Amino acid sequence: MSQQHRTRTTRSRSGTAKAAVAWAVIASSATFVTTGCTAAVNADVARGWLPPETEGATTTTDLSENLWVGSWIAALAVGVITWGLIIYCIVKFRRRRGEAGLPPQLRYNVPVEMLFTIMPLFMVGVLFYFTARDQHILENRYDEPAVNIEVVGKRWGWDFNYTDAGVFDAGIQAQETPDGLDFDAPGTISTLYLPVNEKIELTLTARDVIHDFYVPAFSYKKDVIPGRTNYMSITPTKEGTFIGRCAELCGEGHSRMIFKVAVVSQEAYQQRLEELRAAGNVGQLGPEIGPAHSLGEDSNVPGGGDQVEDQQGENAGGQNAEGSNG
Ligand SMILES: [Cu+2]
């Protein structure tokens, strides 16, 4: 399936909800309509201001987008009705000239009480239904993923184990260039490689504290927790490089836990695995290595293989990391 075709099907599925928002915006901004600028704004609004890179990034970004936009429409509808009733009451029941004291007070009005009980239950029920339905799809693990990758969060980086190929990439914390963080500078930010259009299962763990694996373009994030394994089943459908972050405040280097996700062709993916193999990154950096190495500003610096030996050495000497960190 070509990229274009995929994008088109992606658009048509969520077309109705988006069209409704787009029309609402067009109507309300009639006086503001000028040129292509407005069209771009409307397209943004129709996607609920989600980052543009999310569009068609994986097979499920569509689902998240619809849930997001649908929730906004529902919230706006409730808002408009509520604001309308408030304004109606303010005007209709305002104190008129010559009136004094309180107006007649209404108590124990059964129909109103029923309305105030049933309506919120109904609204929460609707939100719950759509959330549970989509979450069930999002959280459904692939029976037979084509690619298995283990992601291990650590202070302050991510190790990527390409388990099928038996190679690893020791993550580094984002390294600043003299001009600050540069997402394009080579070797300053770790990159997770994913083959496009393949069913991928990411196994998520941590070796020190709780982190959170977050790729905004995939509209998906999940906690990585020491001693626990979480899973993320994704099929990226758009080649490109996306930014990932840690989304759980994990310590002073939290903001340095930036990584990149490169969604590449199958050939480029295999080439990457060969590069890692050629560099001697054979084996796995599992969570069992322990937290000892991942402490302080200057650990997890670029280094590759040597760093792994250090990690294993420190681990062998006992995991006294927690105490020494102060
Ligand atoms: Cu973190």
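What share of the 326 residues of the protein counts as buried?

1. **Basis and burial.** This is a predicted model: local features need pLDDT of at least 70, side-chain atom pairs count only at pLDDT 80 or more, and totals for chains, interfaces and linings use all residues. Residues are numbered from 1 along each chain as its sequence is written. Of the 326 residues, 27% count as buried. Buried means that 20 or more other C-beta atoms lie within 10 Å of a residue's own; exposed means 12 or fewer, partly exposed is in between, and C-beta atoms are placed from the backbone.

2. **Overall make-up.** The protein has 8 helices and 10 strands. These are DSSP runs numbered from the N terminus: helices are H or I with at least four residues, strands are E with at least two. Among contacts with a separation of 6 or more, 70% join residues 24 or more positions apart. A contact needs C-beta atoms, placed from the backbone, within 7 Å.

3. **The nonpolar core.** The largest nonpolar core holds 40 residues. Such a core is a set of buried Ala, Val, Leu, Ile, Met, Phe, Trp, Tyr and Cys residues joined through C-beta atoms within 7 Å. Ile149, Val151, Phe160, Phe168 and Leu202 touch the most other members. Leaving out residues up to four places away in sequence, Phe168 touches residues including Asp159, Phe160, Tyr162, Leu276 and Leu285.

4. **Helix α4.** This helix (61–92) has 32 residues. Its first and last C-alpha atoms are 46 Å apart, close to the 46 Å expected at 1.5 Å a residue. The expected span is 1.5 Å times one less than the number of residues. Thr61, Asp62, Glu65, Leu67 and Val69 are buried in α4.

5. **Helix α5.** Residues 110–138 form α5, with 29 residues. The helix reaches 42 Å from its first C-alpha to its last, close to the 42 Å expected. It is hardly covered: the count of buried residues in α5 is 0.

6. **A cis peptide bond.** The bond from Arg155 to Trp156 is cis, with omega near 0 degrees. Trp156 sits in the loop between β1 (147–154) and β2 (157–162).

7. **Positive phi.** Two residues other than glycine deserve a look. Trp49 has phi near 60 degrees. It lies in the loop between α3 (36–46) and α4. Trp49 counts as exposed because it has 12 C-beta neighbours inside 10 Å. Asn197 has a phi of about 55 degrees, in the loop between β4 (190–195) and β5 (200–206). With 18 other C-beta atoms within 10 Å, Asn197 is partly exposed.

Methods
Two residues are in contact if their C-beta atoms, placed from the backbone, lie within 7 Å.
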